[in-house]
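Please consult the sequence and the structure shown below while reading.

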Amino acid sequence: MIKIFVTGDNHFGKKYDRYPQIRDQLLESRFVCLENMVKEAEKQGCGLFVVTGDLFDSINGIKVADVKRVVNILAGFGGSVIVLPGNHDYYTGEEKVWNDFHKALSSVDHNITLITEYRKYEFEQGEDKVVVYPAFCDSKHAKENKLGWIKAEDISKDGVINIGIAHGALKGITPDMKEEYFLMTEKELISIPVDAWLIGHTHIPYPAELSADEDTYSYRIFNAGTHEQTDLHNNTAGYGFIITIEKNGVESKVAARKYVSGRIRYYDLTVKVAPDSETALSDAISKAVEGIAENSIVRVKVSGSVKQFEYQERGKIYKDHLEKYLTYEVEDAELSEEITMDVIQTEYAETSLASRLLAELMDNSTELQMAYDLLKECRE
């Protein structure tokens, strides 16, 4: 039996240009999460620690100090570490990030294998023999995946634990409209007789059903997703997977569970509000962020209408509810002040056509808002 800790899409060297005020905190957190995963892998008795691609955010521009720090963290794992190049940190032999990686390896005791060839890699794990079949990336984009050489292999199933490791999009799971990210299908992967596939590229974990408290069986394809959320479009806590494989002759039993590795979360919230009370906006924002930890980044998109006081004080309302977070953004271009007769008569003469038209629509809030906006646009 072997245990494998799986991570990927770590993206060390990510710039975080959107959040300059907390950039250092975001960068540091990614390192801390990696350290915690190595500790968890040790605690769980894992013999392999596998990175399924995009350990680094790019092939150039990564600080040498950051590369060294990543290497030092991985070198602290007591078992074998396998690093697969992904499409962000692809490998041809000329990339600066991997040259720096090799230099960092030469200065520490380690058991790290960087995958650089399309061939079998063998590892001894106690009494078990593990054979790894890698499909790494050698470019940023590709219409075809790198599974071809594995399909042509005569894979021995008896008494050997076979693991496929690949980086690329999974059809039907990963958005890849142009099919330019080494696209693979589940049917294609399952047709290759390995005991489990460890996949990188998709930042959302697959399968999503894995529990952190107990093993889940019946799956053979695993994508752990990123170890810590990278942006507002990536709604996940950040995970690693722990895979257990037992082999008896040609039969294998694969179990998996997830480990929550992320520390900082991003939340992209939508709030629609109506002027039902004097505190409608405040109440809606409060409800939307309920339960969100302060160690989070929050964006709120607000639409609808509110009473005059709240509309005028909306900046203070946002600050009161949101400034406790690492940083926050509010988009409220679609929020408006409730249209009342007082508002109408403040802006238009009581006998004007505009005033009379809007007064006629007071019982139809949708048409009233449309007419008000149109009149405002014409006036501007």
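The following sections describe one threonine and its surroundings, and then a selection of salt bridges.

## Basis of the report

The model described here is predicted.

Thr 226 is located in the loop that runs between strand 10 (221-223) and strand 11 (239-248). Its relative accessible area is 0%, which is under the 20% limit, and Thr 226 therefore counts as buried.

A polar atom of the Thr 226 side chain lies 3.0 Å from the backbone oxygen of Glu 228. When neighbours within four places in sequence are left aside, the contacts of Thr 226 are Gly 8, Asp 9, Arg 30, His 203, Asn 234, Thr 236, Gly 238 and Tyr 239.

Side chains of opposite charge can pair when their charged atoms come close. The structure contains 16 salt bridges. One of them joins Glu 329 to Arg 18, with 2.8 Å between the closest N and O atoms. This pair links distant parts of the chain, as the two residues are 311 residues apart. Glu 329 belongs to strand 15 (residues 327-337), while Arg 18 lies in the loop between strand 1 (2-7) and helix 1 (23-43).

Glu 329 has a relative accessible area of 25% and is partly exposed. Arg 18, at 44% relative accessibility, is also classed as partly exposed.

Asp 100 and Lys 96 form a salt bridge through their side chains, at an N to O distance of 2.7 Å. Both residues are in helix 3 (residues 96-106), where they are four residues apart, or about one turn of the helix.

Are these two partners buried or partly exposed? Asp 100 counts as buried because its relative accessibility of 10% is under the 20% limit. Lys 96, by contrast, is partly exposed, with a relative accessible area of 38%.

## Further charged groups

A salt bridge also connects the side chains of Arg 119 and Glu 117, with an N to O distance of 3.3 Å. Arg 119 is partly exposed at 35% relative accessibility, and Glu 117 is partly exposed at 41%.

Which residues are linked in a network of salt bridges? Glu 28, Glu 35 and Arg 69 make up such a network.

Key
Residues numbered from 1 in each chain as written. Predicted model: local features only at pLDDT ≥ 70, side-chain atom pairs only at ≥ 80, totals over all residues. Heavy atoms only, no water. Buried < 20%, exposed > 50% of the residue type's maximum accessible area, 1.4 Å probe, protein only. Polar contact = N/O pair within 3.5 Å; in protein donor to acceptor, adjacent residues only side chain to side chain. Contact = heavy atoms within 4.5 Å. Salt bridge = Lys/Arg side-chain N within 4 Å of Asp/Glu carboxyl O.
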